Amino acid sequence: MTKPVVLIAEELSPATIDALGPDFEVRYCDGANREELLPALADAEAVLIRSATKMDAEAIAAAKKLKVIARAGVGLDNVDTPAATKAGVMVVNAPTSNITSAAELAVGLLLACARNIAPANEALKQGQWKRSKYGGVELLDKTVGIIGFGRIGQLVAERLKGFGVELLAYDPYASAQRAGQLGAQLVSLDELLTQSDFISVHLPKTPETVGLLDADALAKVKPGVRIVNAARGGIIDEEALADAIREGRVAGAGLDVFAQEPTTSSPLFEFESVVVTPHLGASTDEAQEKAGVAVARSVRLALSGDLVPDAVNVDGGHVPEEVRPGIALVENLGRIFTALAGACPVQLDVDVKGEITEHDVSIWKLSALKGLFTDITDDPVTYVNAPLMAAERGVQVRLLTDPNAYDFRNVTELRGTLADGRIVSVAGTLTGPRMVPKVIGVNGFDLEIPLSRHMAFFTYEDRPGVIGQIGGLLGDANVNIASMQVARNDEATEALVALTLDSRIPDDVLASIAEVVDTEAVQVANLD
C-alpha cells in the first residue's frame, strides 16, 4: 500500500520527523527555491514549512493532492489561507509554541533595563570600567504594570512574582479572578501608567492598540518608569517614547519589536538606556522544536481524517456534513457577541435548538469561542487555543441542546452573563436551500437579517425620526446601507435597528451617531 507523501520544505528538528511516525513517505526539498518546490508539491498530501517557503495560490494550485499545510510556528504571513480554504486544504500552525520563550525574553529585557546590562557590557568590551555610571535599580517592592493579560502576560506575571514585585494588569477582557490567582490587580490603563515603576506590553496589534502608548499616555507615566515591549511593534509610538526618554520622564526601555521590521535605524537607538533585540521572541531551540512537533501531530490527524485542533480554517477534520455549514455562522455569532458585550462573559451558553441536534454539534462550542476571541487578539485563534483563552479569562462555557425549535428548523443562540451582571445574547440560523446565514435575535429583539461582512446595531429609546438621523449621518459619510431592519421590545419603549453595510463605518462617524441619536452603537466588521 502506497504511503501518503509528506514534504519537508525547510529544516526541522529530528523530533519533528519522529512525531510524524512511520506511516508516511517523507521527502525533502528547499522550499525557498520555487523551481524545486513546485514540482515537489505535485505528489504531496502534506507540506511542513517555516517562514521561508511561500505557499501562495500558485504553490497550492501545483499541489493537486495536498490536504494540509503545516507551518511550524505562529505566523501565517507566507501562507495564502483563503486560497488554501478554497482548494479544501487545511492550514495548521503552532499557536502556543513560543509563549514561554516570549515571556522569558520580556523578563530578560526588563532586567537588562533595570541593571543597564547592555551599555555596561559594551563599555567594558571597549576597555572602559564604568562601575559608577551604570548603577541600576532593584525589582524588589517595585510595581510592575502588565498591559495585556493573556497567555504571555500571565506567564510574565508568574515569573516576576518571585522578584517580590507588586503586579498591576490592564486588560478589558481579563478575568479579575484569574488575575487574583496570579497575585495581580486589574486596574484601568491610566492607573497602571501612573503607578508602575516598570511596564511590560503584551497586547495584540489591532486598530485599537496601535499607538496605545502615545505622547498623551507617556505624559501620564510615573517618572523614571522603564518600559518593555516584546509583543508587537507599533503599540508604542517610538518617536513619543524617544521624546519621553530624552526629557527624563522615562528612564529606559527594552524593545524586541518595532513598527517597521526589519529595522536598523530608530530614534531610540541613540540612548544607552534602551536595550534592543531583533524580534527574538520565538527564537529559541525549544520554541522551534515545540512548533515542529505540534504541526507534525496535526499532520497525522489531518491525513487520518480527524478534527485538527490547530486548524486555522475549517475545510477539514471529521465533522458531520450536516454540521459543517454552521461552523462559520456560530463563529461569526461569537464575533458579534464580543462586539455587543465589549467584554468577555463569565458564563457563555451555546444554545442549539432544532433538528441539527440529532448530530454531534460540539464543534459549535469551539466555533463560538473562536469567534469570541478573534477580534481581541492577533494571535491565531484555533480549536485548541480557544478553550485555553477561555480558561485564562475565566469564561465558563456550556453547550445546551434541544430538539425543538419553533420559528426556524434550527437556531443557535449565544447567551452570556458579564461580570457586571448584564446578559448579552445573539442568535442566528441558516435558511433556505442555499443555507443563507442570518442574525435572528439580539438582546431579546427579534430580527431576521442576513449576515454581512459589515454590520451595525443601534439600540435607542423608541421615538420618531431616529432612522432618518442615522441614515443621514451615514449618507454624509458616504457609507451605503445594504439592508435594514427595526425591532422593538414588547413594551415599545426601546428599539433596535440592525444594518448591513457596504463598508465599515468610520469610528468618528459611529461616535457622532451615538451622540446625536443618544444610542448604544456597535459595529462588527470583516465578518467572513
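This is a predicted model: local features need pLDDT of at least 70, side-chain atom pairs count only at pLDDT 80 or more; totals for chains, interfaces and linings use all residues.

Colleague: Helices first. At what angle do α5 and α7 pack, and how far apart are their axes?

Modeller: Helix α5 covers residues 99-115 and helix α7 covers 151-161; the angle is about 50 degrees, and the axes are 9 Å apart. The two are therefore oblique to each other.

Colleague: And what's the handedness of the crossing where α5 passes α7?

Modeller: Right-handed.

Colleague: Which residues meet there?

Modeller: On the α5 side you have Ile-99, Thr-100, Ala-102, Ala-103, Glu-104, Ala-106, Val-107 and Leu-110. They meet Arg-151, Ile-152, Leu-155, Val-156, Arg-159 and Leu-160 from α7. By class, that contact has 10 nonpolar residues, one polar and three charged.

Colleague: OK, next pair. How do α16 and α17 pack?

Modeller: Helix α16 (residues 466-476) packs on helix α17 (residues 507-517) at about 155 degrees, with the axes 10 Å apart. An angle over 145 degrees counts as roughly antiparallel, so that is what α16 is relative to α17. The crossing is right-handed as α16 passes α17.

Colleague: What makes the contact, and how do its residues divide by class?

Modeller: α16 brings Val-466, Gln-469, Ile-470, Leu-473 and Leu-474, while α17 brings Val-509, Ser-512, Ile-513, Val-516 and Val-517. In the contact of α16 with α17, eight residues are nonpolar, two are polar and none is charged.

Colleague: What about α13 and α14, how do their axes cross?

Modeller: Helix α13 (residues 326-341) and helix α14 (residues 362-374) have axes that come within 7 Å and cross at roughly 40 degrees. That makes α13 oblique to α14. Their crossing is right-handed.

Colleague: Who's touching whom in that one?

Modeller: From α13 it's Gly-326, Ile-327, Val-330, Glu-331, Gly-334, Arg-335, Phe-337 and Thr-338. From α14 it's Ile-363, Trp-364, Ser-367, Ala-368, Lys-370, Gly-371, Leu-372 and Thr-374. The contact of α13 with α14 has seven nonpolar, six polar and three charged residues.

Colleague: Is Cys-113 buried or exposed? And Cys-29?

Modeller: Cys-113 has a relative accessible area of 4%, so it's buried. Cys-29 sits at 12% and counts as buried too, since the cut-off is under 20%.

Colleague: Now some single residues. Where's Ser-200, and what does it touch?

Modeller: Ser-200 is in strand β9, residues 198-201. With a relative accessible area of 1%, Ser-200 is buried. Not counting residues up to four places away in sequence, Ser-200 touches Ala-106, Gly-145, Ile-146, Ile-147 and Val-228.

Colleague: Let's do backbone. Which peptide bond is cis on the way into Pro-262?

Modeller: The one from Glu-261 to Pro-262, with omega near -5 degrees. Pro-262 lies in the loop between β11 (250-255) and β12 (274-276).

Colleague: What's the phi of His-279?

Modeller: Positive, about 55 degrees, although His-279 is not a glycine. You'll find His-279 in the loop between β12 and α12 (285-303). His-279 is partly exposed, with a relative accessible area of 37%.

Colleague: And Asp-518, where does that lie?

Modeller: Asp-518 is in the loop between α17 and β22 (520-524). Phi of Asp-518 is near 60 degrees, again a positive value in a residue other than glycine. Asp-518 has a relative accessible area of 61%, so it is exposed.

Conventions:
Residues are numbered from 1 along each chain as its sequence is written. Side-chain values use heavy atoms; hydrogens and water are left out. Axes are lines fitted to C-alpha atoms, for helices over the stretch in contact, and angles run from 0 to 180 degrees between N-to-C directions. Helices (H or I, at least four residues) and strands (E, at least two) are DSSP runs, numbered from the N terminus. Angles under 35 degrees count as roughly parallel, over 145 as roughly antiparallel, 65 to 115 as roughly perpendicular and the rest as oblique. A crossing is left-handed if the near helix is turned anticlockwise from the far one by less than a right angle, and right-handed if clockwise. Contact means heavy atoms within 4.5 Å. Ala, Val, Leu, Ile, Met, Phe, Trp, Tyr, Cys and Pro count as nonpolar, Asp, Glu, Lys and Arg as charged, and the others, Gly among them, as polar. Buried means under 20% relative accessible area, exposed over 50%, partly exposed in between (1.4 Å probe, protein chains only).
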